[in-house]
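Hi everyone, thanks for coming.

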Amino acid sequence: MTMAVPKRRWPSSTVWIVAAVAVVVHVLAWQATEFSPAALIAGWEGMADFLAESLPPDLSVLGKSLEAAVTTLYIGLLGTTFSIPFALLLALLASRATTSAAWAQQAARAVLSFLRSVPDVVFALIFVTAVGLGPFAGVLALVFHNTGVMGKLWAEAMDESDRGPRDALRVTGASGPQIALHAVLPTVMPSLAGLLLYRLDVNVRSSLVLGLVGAGGIGFLINQSIKLFRFDEMVTHILVVLLLVVVVDQASGFVRKRLGA
Amino acid sequence: MLAIRGLRKTFGGRTVLDGFDLTVEAGEFVALLGPNGSGKSTALRCVVGLETPDGGSVSVDGNAAMVFQKIHLVGRRTALDNVCSGALGRLPLHRSVFFGQDVREEAVRCLDRVGLADRVLERCARLSGGQQQRVAIARALCQRANVILADEPVSALDPQAAVQVMELLVELANDGLAVVAVLHQPELARTYAHRIVEMGAFA
Ligand SMILES: Nc1ncnc2c1ncn2[C@@H]1O[C@H](COP(=O)(O)OP(=O)(O)OP(=O)(O)O)[C@@H](O)[C@H]1O
Ligand SMILES: [Mg+2]
């Protein structure tokens with residue numbers, strides 16, 4: 001007895017079309033971004049000048065720099081903390097482990113994906129016009145954007161939680177919120193805490209960039225130094241930034257490892 | 001106490017249950033035997049509402065609790081918290097954030113009934129399989145169930161723990177509960193059950 005062997009299907013015409021489109025798009029992108037290795041090589045003197053001007057770093061601004069770095073840390077901290085209640089509520093509504101009404105899930109997911117797709121810098125520009133230049137605008141921007149990102153990550157963690165304990169509580173007659181409270185949340189708590197620390201780490205780095213658009217902290221100082229061509233000051237700020245980023249990253253990593261998440 | 005009449009269930013055109021009948025009286029321990037895929041789990045899940053039957057009727061005099069092969073406790077929580085959660089069905093939401101003293105006392109009595117009064121504050125993940133299954137039975141008791149449906153309650157347990165759990169289930173039946181247990185070992189069924197029901201397979 002012979003069996004029909006399926007014909008080899010690869011590479012199919014779809015693969016060729018996808019490859020051709022990818023090449024065309026990359027050529028267009030190359031032109032639009034004025035991508036030019038030659039310019040980079042020709043411009044190395046400019047970079048050397050810049051480096052010469054910026055070294056040695058001006059350490060007289062170190063105090064101011066450290067102070068601003070702490071502000072940056074605080075922006076990231078409050079931006080993360082204040083997004084917890086909103087992210088939790090939306091995650092509970094968006095996860096199929098905790099919400100059975102399809103319309104509620106869809107609505108929560110839509111809100112989360114809107115908040116996630118607006119970059120925090122855009123939120124910062126909006127809030128700067130509302131509450132003026134300064135760290136508060138940065139905190140508000142992070143609260144909005146981080147609610148979207150963390151809410152989605154949390155909802156996914158809840159989706160992945162074991163279905164068994166949920167079913168077991170449903171049999172006892174427990175309601176949706178009761179199941180969330182007594183089966184889902186206790187199970188996923190370590191993952192949620194790990195994701196929270198990861199977001200804190202990311203948000204502290206984001207708040208640097210928010211500073212560049214006027215939302216206070218050390219990013220704001222870097223922006224000022226560039227405008228005044230004080231590259232030696234800028235290098236001090238950047239060294240402080242490196243220190244801040246490494247410290248937060250290590251601390252968050254350490255705690256996450258202890259959580260086992 | 002439990003009456004199942006003409007229960008029917010199909011999954012995507014495959015008939016799993018086609019007119020299944022079962023009556024269990026208070027104080028009776030019925031063992032349910034049958035080959036893989038004969039619909040034993042499906043029948044129990046229809047009784048407690050985890051599946052919706054396509055036809056037939058289920059009537060429970062009181063309320064039915066379920067015990068699972070995979071136990072399904074929240075491993076990170078204490079035995080006490082897990083047992084308290086059996087009471088959720090009769091608690092309003094505002095009283096179920098933290099369990100009240102009355103619920104906790106009842107849960108301790110349930111744990112004492114299954115012989116685990118000394119492990120009340122132990123996290124479930126740290127208990128042995130047999131102990132965990134007994135906590136799950138205590139949760140069913142805290143639900144104030146008069147019918148206990150156990151789906152392969154001892155399949156994942158070592159022989160000694162299996163005997164303990166079987167003896168516990170028989171005692172509960174003798175105390176007046178209606179108990180149905182899906183079993184895969186006919187010897188256990190013959191030793192402990194008051195009555196054996198065989199389910200056939202629908203191909
Ligand atoms: N949710 C579901 N969706 C589709 N098919 C299902 C579902 N649940 C069960 N089935 C099918 O129904 C049939 C009966 O399943 P059931 O779990 O009730 O059998 P069982 O008697 O408990 O078998 P076992 O001894 O293996 O536990 C199986 O063929 C299974 O594949
Ligand atoms: Mg089964």
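Let's start with a question: is A:Asp167 buried or exposed? A:Asp167 is buried, at a relative accessible area of 6%; buried means under 20% relative accessible area, exposed over 50%, and partly exposed in between, with a 1.4 Å probe and protein chains only.

A quick word on the source: this is a predicted model, where local features need pLDDT of at least 70, side-chain atom pairs count only at pLDDT 80 or more, and totals for chains, interfaces and linings use all residues. Residues are numbered from 1 along each chain as its sequence is written, chains are lettered from A and ligands numbered from 1 in the order in which they are written, and side-chain values use heavy atoms, leaving out hydrogens and water.

Now, the partners. A:Asp167 makes a salt bridge with A:Arg163, at 3.4 Å from N to O; the term means a side-chain nitrogen of Lys or Arg within 4 Å of a carboxyl oxygen of Asp or Glu. Both residues belong to helix α9 of chain A, residues 163-171, and sit 4 residues apart, about one turn of the helix. Helices here are DSSP runs of H or I, at least four residues, numbered from the N terminus. A:Arg163 is partly exposed, at 48%.

A:Asp167 also has a salt bridge to B:Arg45, at 3.8 Å, N to O. That pair crosses between chains, reaching helix α1 of chain B, residues 40-48. B:Arg45 is partly exposed too, at 22%.

Over in chain B, B:Asp102 and B:Arg95 form a salt bridge at 3.2 Å.

Definitions and conventions
Helix = DSSP H or I, 4+ residues; strand = E, 2+ residues; numbered from the N terminus.
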